[in-house]
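Me: I would like to learn how to read a disulfide in a protein model. Could you take me through one, step by step?

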Amino acid sequence: MRVLRTVLCCLPGALALGLLVLCAVSVDHRGTPGTQPLARSAAMPAAAVPVRRAAAGAHSAARPRIVPRTVWLAGAETYHRDPIRYADHVEAVFLHHTDSPNGYDCADTPRIIRYLYAGQAGGREWDDIGYNFLVDRCGTVYEGRAGGVDRAVVGAHTQGFNQNTAGIAAIGTFTQGTPVPRAMTEAIAAVAAWKLGLSGTDPRATVRLVSSNGHSRFPAGRSADFLAISGHRDGYETFCPGLALMAELPTIRDRAARLQGRP
């Protein structure tokens, strides 16, 4: 059985790229958290905030162009993968960053994803890359975890809250003061609008999720309220996705809502 934690590590073969990982996915359950507790994001709604939902199918958004995983897997070593697990639907999205260099050429994105995959599925023996989607600084969206982009694939991106959620990773490091490319935030909003629209979820809504284990910010079995588009740090003690990207979340939510045709 695997659970999630945030770790600070160098991915195998990543020294040439300088890929340093702080935002993470699943590890063996015997591991212990590797980061210090952080204050919960100010963007997190209080439990008293009314839940704002839409009837399923009432609003939807177009599916953005998504580069299939076969593109970045081309020529790469593949690893044993456990059976794919599916949830009923996606009602929340968690945003991550990969903590890798920002100045890459977007033509190199498949190679960067291969390094992430090698470190996670190869070096750490996870069942696959943890994120459902990855977005580069040019706004190109890549399929991450296997199972079908239009299905509710259970990922390995936010410890305790992988069920009924999707993980989107922004390729780069977005600590405080780091510019976040507009093309990247637009693409993130488009993916979130589409995935949440499949369940009729307003991207600005408050959703209630149940923690699956005690390694998240909440004990196993406890319900917790999140905004439908939240940061990794809202569910787990980590710096991910960085303060600069966290600051973009209100804009991303509003943009996603507009893409769903909401006022």
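Predicted model: local features only at pLDDT ≥ 70, side-chain atom pairs only at ≥ 80, totals over all residues.

Reply: Happy to! Residues are numbered from 1 along each chain as its sequence is written, and side-chain values use heavy atoms, leaving out hydrogens and water.

Me: What does a disulfide join cysteine 106 to?

Reply: A disulfide is a covalent bond between the sulfur atoms of two cysteines. Here the partner of cysteine 106 is cysteine 138, with 2.1 Å from S to S; the cut-off for a disulfide is a pair of cysteine sulfur atoms within 2.5 Å. The structure holds 1 disulfide.

Me: Where in the chain do the two cysteines lie?

Reply: Cysteine 106 lies in the loop between β6 and α2 (109-123), and cysteine 138 in the loop between β7 and β8, 32 residues apart. Helices (H or I, at least four residues) and strands (E, at least two) are DSSP runs, numbered from the N terminus.

Me: How accessible is cysteine 138?

Reply: Cysteine 138 has 46% relative accessibility, so it counts as partly exposed.

Me: And what is the torsion about the S-S bond?

Reply: The torsion is about 90 degrees, so the disulfide is right-handed.

Technical notes: Buried < 20%, exposed > 50% of the residue type's maximum accessible area, 1.4 Å probe, protein only.
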